[in-house]
Structure formats: C-alpha cells, structure tokens
Amino acid sequence: MMILRTLKRRPLHGYALVQHIKRTSHDLLQIEEGSLYPALQRLLREEFVKAEWGMSSTNRRVRIYKLTAAGAKHLEREVSSFERMLEGITRVLAPGES
Amino acid sequence: MSWLRQLFSRRQLYKDLSEEIQEHLEEKIEELVAGGMSRKEATAAARRAFGNVTLTEEDSRIVWRWPSVEDLLADVRYGLRALRHNPMFTAVALLTIAIGIGANTAVFSVVNSVLLKPLNYRNAEQLVSLHQIAPGAPGLADFENGLLLSPSMYFTYSEHNRTFQALGVWISNTASVTGLAEPEQLRVVEVSDGVLETLDVPPTVGRWLSQADQVPRGPERVMLSYGYWQRRFGGDRTAVGRKILVDARPREIVGVMPHGFRVLDTDFDLIVPTAFDRGKLILAGFGYHGIARLKTGAAIAQADADITRMLTIWMDSWTNGPGTNPHFYETWKITPMIRPLKREVIGNVSDVLWVVMGTIGLVMLVACANVTNLLLVRIAARQQELALRAALGAGWGRMVRGLLVESVMLGLMGGALGAAFAYAGVRLLLAIGPTNLPRLSEISLDARTLGLSVLLAVLSGLLLGLIPAMKYAGPRASLALRSEGRAASASRERHRARNTLVVSQVAMALVLLVSAGLMIRTFRALRTVDPGFTDPQHLQVMRISIPGALVAEPERVLRIQNEILEKLAATPGVKSAGLVSEMPMEGFDSDWDVIFAQDKTYPDNVMAPLYLYKYISPGFLQTAGTRLIAGREFTWSDVYGLRPVVMISENLAREIWGTPAAAIGKQLREFSSMPWHGVIGVIQDVRERGVQDKAPEIVYWPPMMEYLFGNKTADTVRTVTFVIRSERAGTEGFLNEVRQAVWSVNSNLPLASVQTMEKVYDKSVARTSFTLVMLGIAGAMALVLGIIGIYGVISYTVSQRKREIGIRLALGAQGGDVLQMVLKQGAKTVLVGVAIGIGAALALTRLMTNLLFGVTAHDPMTFAAVAALLILVALVACYIPARRAMLVDPNVALRYE
C-alpha cells in the first residue's frame, strides 16, 4: 500500500522508493532495504505496477516502477478498506464513549 | 496465458532482478562514500542495511512460482539424475519392481475377470443355480454335482414357486447337423421354457424359443449361436425361418443369440427345446441343471425354504409308476442348497486362483524387500552427501521427501514397465492356464487391473523409500558427518533394518518353496495313481453319433458301429479298437441309477443304492488297457444275442459280495421290470472323474440290450466314444485314415472330440499342473531374490568390517576364525528366517489343502527338505563373502586408514 501510494505521486526506482519511504515516515518505519524487492515482484505479478529500464537522476541504469490503472484502483480499495479498519480500531480504542 | 509467458520469460525476470539489486547496492555505496566513508566500510554498511541478498533474491523469485509443484519437480529432476548416475542399480531395481508388478497385475486381471466381475447377464446378482443335495441317497454322495433336477421337479418348481421371477432347466448335449456342408457334430444346449427368460439376454436376430416351441411332437424349432450363424450362414439375417437338419430332423431357425452369449460357461452352437412330454414324466430322471432368477429382494434362504416346501408338492403330484411309494424320496433327505450362479460357474477354480494370487503377492513383497535393501546400500554410500545437505540447512522433511520422490519414481517407472509385462503375462497365463478355466473368454486387462498396478507402483515406491528415508534423513543425520569414515566396525544398530529384511525374505521364500514342494509331491502322487487305462499317448478317442432319423433300427446302429470298429482295427498301425458310452475324464454328465442285486433285500423294493453305469463293447478293455480282474468280458455273440450279462467294477463287487471272484455268476438289474443280468466279469477300478477323485463303483452293460431305456424292445447307445490303440495316435496322417475308415461305412457320420487320451488326462490334471508351475516359478524367484539379499548383506558387512577384520588378523586371529565369525552371522540371520518361515508356512499351507493330493498340508518331509535346501544355499551365499573376509590382508586393511 505504501509502495503504491508512493508510486502514485510519481514513478520511481527501487533505491529511490526506499529512501522516500524512510524519509516520509521520518525513519519511524525501519525496514530492511532488501525486503522491498519481493514486494515489488508481487506487485509486478499482479500487474499493479509496470517496470521499465531507464536512467536515474544520478545517471545510473535503473528500473523505474510506475503505477498502472489496475494498481490505482487497487490502491483506492486498499486505502478505503484500511481507513475503515483504522476507524473501527480507533472507535474501539476510544475511551468511554459507549 | 500470462502464466505461460511468465514460465518462459522467467529467466529474464531473474536477470533483471539481480541486476536491479546490484544497482541498488552500488547506489547506496556511492552515497555513503560521498558521505565520507571508506569504500570497504560503505560496502559492508550497504549490505547490512539491505539484508541477505541471496535470500531476498530467492524470496523475490518465489513470487513467480508455484512453490510446492516446483519443489517437487526439482526433487524429481534430482532423483532422475541420481538414478541415471547409477544405471546398474536402477536397472536391477526397475526390473525387480516391474516383474513384481507385472506378475501381480496379470494374475489379478485373471482373478478380477473370473472371480470378481459379475457374470455377463443383466442383474446377475439375482441369478442362482438350483443346487440340491441328497445325503440320504446311497451311492449319490460321490456325485459332485449333487442331485440334479428331474423334469417333473422342473414342472413343480416352475408352477408352484413364490420366490422366482423365472426358472428353467437345461442340459448340454451334442447333435449332428447334415445337409448344409460336411456332416457336423455340434454342441447343443437343450433348454426348457424359462431358461432364456432367466438369463434375459435378447436375441440378435429373430426371437427366443417360446412356450409354444416346447410342445412335444409340435413344430420343431432351433436357435443358433452367433458363432455358428456367422460360420454357416455368413451372418445372413434371412437364415431365420430356414430349416436345418438336426439329428436328421428338420428344425426351423427362430433366432440367433448375441456374440459372447453362453449358458453359464457352456459354449454351444445350437439351442433346442427340451419339449418334455408331460404325460410320460415320472418322479425320477435327475439329469438337468436348474437355474433361476430370484424375485427382487428375495434372499437365497427364502428360496431354499420355498423349494423345501415344493418338494412335498412334487412327491404328491408325481409317481415312479404303479406299486411304488412316491414319498420314499423322503429318505434321500433332498435338501436345496441354492447358490449364486457365479459360484456355480467359477467352481473350484477359485482355490487355485487365490493361492496363485497370494503367492505372487508374496513374491512382490520379497522383491520389494530386495529393492529396499539395494536402496539402503546406496543410501549408506550417499550418507555423507545427505549429512552435508543437512548441515547446509536442508530441512529433514525436505530430505525425506526427496528420497521418497526418488523411490516413488522408481515405483512408477517400474509400474509402467510392469503394465507392459502384465500384458504379456496375461497372454502367458492364458496359454499355460487350465484350459477348462471358467470365463476364459472374458479375461482382459481393464481399468480396475491397471488401477491396481498404479496403486502397487505408488505403494511399493513409498514402502521402498520409507525405511531408508526414516533411517538416514532423520534428525540425527548430522551425526553421520562426524562419524563417517571413522567407524572401525559396523554398529549393531546400523544393520538391524537390513537384517530384518533378509529374515523376512528368507521366511517368505520358505513359505513359497514349501508350497511348491507340496505341489510337486501332489503331482508325483497323481502320476503314480493308476487311472484305469494305460499308455494314454497311444490312445486315440473320438465321438460318433448315429441319430435315429439317419438309421432307425437299433440293431442296424450296432452293426454300423461294429463295422466301423472292424475297419478301424484294419487300419495300418492299429492294435485294437473298441467303443464305450464315454471315456473316463471326458467330462460328460454321467448316467447313474438304482441297481438291485438279486441276493440282497431292499426296503420298499425301490431303495437300492445308485451307481454309475456305462456301456462297453467287446474289445474295449484290451484297447484301453483296463484290466479284467475276474471272469470274462462281453463277446459280440453276447451282444447280438441280447444275452442278459453284465460286468461290474472291482469296488462294486467288493461292496456287494466281498470279493471279485464271489461276484461272478451273481445277478443284477436296474429296475423291477428288467430281467436279471448275470455278472460275467469284474473290471479294475477306473478314476472316472479324474485321478484326484476316488474311483466310483460302476456297472458295465453291453451296448445293445432289452430295457435299455425302460422299453422292452432292444435298443442301442447311439452316441459313443470310439477308442483306438495305435503308435500313430494323434498324427495327421493317421486321423485322415481313421476318417476315411469311418466314412467308408457311412459318409454321413461326423467325428467329434477327436483327441488322444493323453490330452484328456492332461486336462484332468491341468489344475494341479498349473498351480505347480505358478508356485514353482514363484518359489524359484523368491529363492533367487532371497539368496541375493543374503549375499548382499553379508558381503556388504564384510566390506564395512574390513578394517576390524584386518586388526583381528594382525592381532593373531586365524583365517578360519574369521570365516567362522562371518558364517555365524549369516547363519543366525538365515536360521531366524527359516524358523519364522516354518511357522508362517504351517499356518498358510492349510489354505491349499483343497489342492493337495496324497500329501498333507503339514508334510514333514517337504518342510524338512525345503528348510535344509534353503539353509544350505544360504550358507553358500554367505561363504563367498566370508572367504573374502578371511583373505583380507591386514597390511592393506590397516594402511587404508
């Protein structure tokens, strides 16, 4: 979900993706950089993202991942279901309302 | 489709992936270096941040695969490679499994077709045979068919029953058909109304015989078998309505039965109606097989009760003639024993088939044990490889699976090969199997049989792999890595599995060899029995029938038969010729009736014992080689002069008068209206129904006599077996001359069942010889496999203990001591196997009691001989590796360290 959300803003390559997620989460999410790749492969298989070889800003041959239409739809669904779940959790956790 | 593309583009995907990961690391390193780190530190840091590269790649790759299937495929590939690397092992293992599975499948296909599949009729489970016994009837106990039905019984049962949908009686017969081509002797089934309705198989062309066709002296009709229809009419549908001459009387063809239709297991050419003349029937005449179809839901016990009830009605409704008491049959204690038709068809062959099936099953187990042993040896050699894999982190579940996949693959490949063997095996079985095997034509490989071979393949594969897998791929496998190569001597525990296998192999081989030994003893016992004729390979037999429509007067019939005999005797190379109503073991339904002796008294004057009776011509005894014990035999003047003479078998003479000599001059008759016949000769006992059955008491009448069929006027037997003794018996040239001799007397006479007596004899012992051959093969296979097993284990142990033996020798042990030590180990294994085997054989051979003759199932001689043989052969198998152990050079063995 995080990957899809990031890619929705703009296409990125793997390293940039990791950097971006680290930065935006203010290092709250400590993930092993490697674990990104299996996740990316899964998204590729489901055809939620597309990958193309290209040049990065540092002039390096990289694979740039791009969100597909199916991916965008999936993201929406995921986000809305996540929000519903979050709302549910929040309500349960909210003290003394009922 | 995308998965297909994935499958093929996968290599590209993986390449992209690893490249991408490399780039990732590079980028990170450069960034860190730019931040002031040394390149070396940066590389380490980058890797640390990234995690395990290989694992990541693997995890990423997994995304593209079906993990379980692909792991399995990898195992299969690995297994195949392992098998290919060891072609000798693979070939031996495959062949062993294939022979095992092939033999089992072949035998099972016979068992399945003959014993398991329902009969080829609609709702065959409703079909029963109206079997009944009469324990109170003297003399009848010998007749294995029990008490057959009389025509009057048929009418009573058919009209008064409450439990049958349909019911009928039938009998097989022969008839000659003339006027179409050469005269032909055909197989005929005579059926009453109800037989076709019971079997319920619609005709291919035309209609069934109907009740109207059963009227005596009414229109004469006939049905054809499919085969005869094709042979004689070329499958022409207009054959229906035409007439053929059956026994010289015209009969109209009303229908054709479909291909493969049989009456029980009787193949036939024609079906004719019995056309009983109701007005003339009496109680007696028990000569017909009864079959019936039970009403839906009716049980056999109910049907038995129904028959019991109707027996009283039967005795109330009919009589045996004036002055007789119809209820005297109560003393016969006639008891219905209705049984499923399938059992009737199968007969006693089920014993043989199950014994053979069990035998082959045992061989399969021995074969599996052997292959397991091979696998164990192989896996012991691969132990370090396995330990290494375990050390590298392979889960033991995965390793067990790998080994099992390998052995199941072995099983499946063996199974495929086995199916091919089975196909050949069925052919072979049919070739060597008893020719009188019921349902022979139905035997084939079908889905069920092939299913069994697949099942066997998988099961044996799992079984094969399980023991080695559990033993070596277990959690403790890593220990092996440390200990391998250092073991000075075989640990006891390591050989337990293989010793157990050898013990069980020896035990199973012993069981099989004992069974085979018992069969050999049986066969030899059968061979020593005097069947009542001599030199059967030089006895030519053939059936000739002279129908009444062809030659009316009885005496003329006898003259023709006599003339044929003279012509035959004059044929070059013929020593003598004679005729008889039927030869022993020919398998025709026997005739029997009450026989009265003049000097004995019988209750009620009708209660005499039943005996078999036959008709023989002068010269028959000499031709057949049957000995005359006392008195003299018939002469032609006895026969033509209608003199009241009779001959009897030795056991009958002893039974009635004590000694053969005492019987001469005594008087006999069949029924009260018949004049007394004087006994002029006593004949040796003849094994009428095969050497395995005891010789029945027999009365021999002359071939022409008054009251032959109850009528006062003289009559003759029109269908007889001609017997010719000649060195040339069975040769084609001889048969031609015989045919010419017969046709020179009357060219309208067909010859049937032309064969040598040796064939007849062989057929009668076919069951025994078939079982013997099968058990012999199985026993030999088990012996060879068992010996290989013992040899393998001992020589493997010796090679493992080389260093230990070297040390022993170096420390001063003598070669003889070493030899003794190794032999002792082998002997212990073998003796345990033999002991277990004897126990198992004692329990199992009891199952084959029915197949034995002249030897008990626990024959101590056979047991002792087989045990001795097995021990001896096994010790030789041990001796070879033991000698090798003795010759171990201590220097070489120790330097090897």
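## Briefing on a predicted two-chain model

Read along its sequence, chain A follows the pattern α-β-α-α-β-β-α, and in total chain A has four helices and three strands; here helices (H or I, at least four residues) and strands (E, at least two) are DSSP runs, numbered from the N terminus. This is a predicted model, in which local features need pLDDT of at least 70 and side-chain atom pairs count only at pLDDT 80 or more, while totals for chains, interfaces and linings use all residues. Residues are numbered from 1 along each chain as its sequence is written, and chains are lettered from A and ligands numbered from 1 in the order in which they are written.

**Chain A: burial and sheet**

- Of the 98 residues of chain A, 28% count as buried, a residue being buried if 20 or more other C-beta atoms lie within 10 Å of its own, exposed if 12 or fewer, and partly exposed in between, with C-beta atoms placed from the backbone.
- Three strands of chain A form an open sheet in the order E1-E3-E2, and the pairing is antiparallel; two strands pair if DSSP finds at least two bridges between them.
- Strand E1 (12-13) and strand E2 (49-55) of chain A stand at the edges with a single partner strand each, so one side of each is left without a neighbour in the sheet.
- E2(A) and E3(A) run antiparallel and are joined by seven bridges, and within E3(A) the residue A:Ile64 is the bridge partner of A:Glu52.

**Where chain A meets chain B**

- In this model, 16 residues of chain A are in contact with 18 residues of chain B, where contact means that the C-beta atoms of two residues, placed from the backbone, lie within 7 Å.
- Helix H2 (14-24), helix H3 (36-45) and strand E3 (61-67) of chain A each supply at least two residues of the side that touches chain B, and the largest share, five residues, comes from H3(A).
- By class, this side of chain A has four nonpolar, five polar and seven charged residues; Ala, Val, Leu, Ile, Met, Phe, Trp, Tyr, Cys and Pro count as nonpolar, Asp, Glu, Lys and Arg as charged, and the others, Gly among them, as polar.

- In helix H12 (residues 383-391) of chain B, the residues B:Leu386, B:Ala387 and B:Ala390 are buried.
- These residues cover an arc of only 100° around the axis, which puts them on the same side of H12(B); the arc is that of the directions from the helix axis to the C-beta atoms.
- The face of H12(B) turned away from its buried side carries the exposed residues B:Glu385 and B:Ala391.

**Chain B: a four-strand sheet**

- Four strands of chain B form an open sheet with antiparallel pairing, in the order E14-E25-E13-E26, and its edge strands, strand E14 (574-580) and strand E26 (751-756), each pair on one side only.
- Strand E13 (residues 539-545) and strand E25 (residues 719-726) of chain B pair in the antiparallel sense over seven bridges, with B:Phe722 in E25(B) as the bridge partner of B:Met542.

**Chain B: strand E17 and its partners**

- Five of the six residues of strand E17 (residues 610-615) of chain B are buried, and E17(B) is thus mostly covered.
- Strand E15 (residues 592-594) of chain B pairs with E17(B) in the antiparallel sense over three bridges, whereas E17(B) and strand E22 (residues 698-701) of chain B run parallel and are joined by four bridges.
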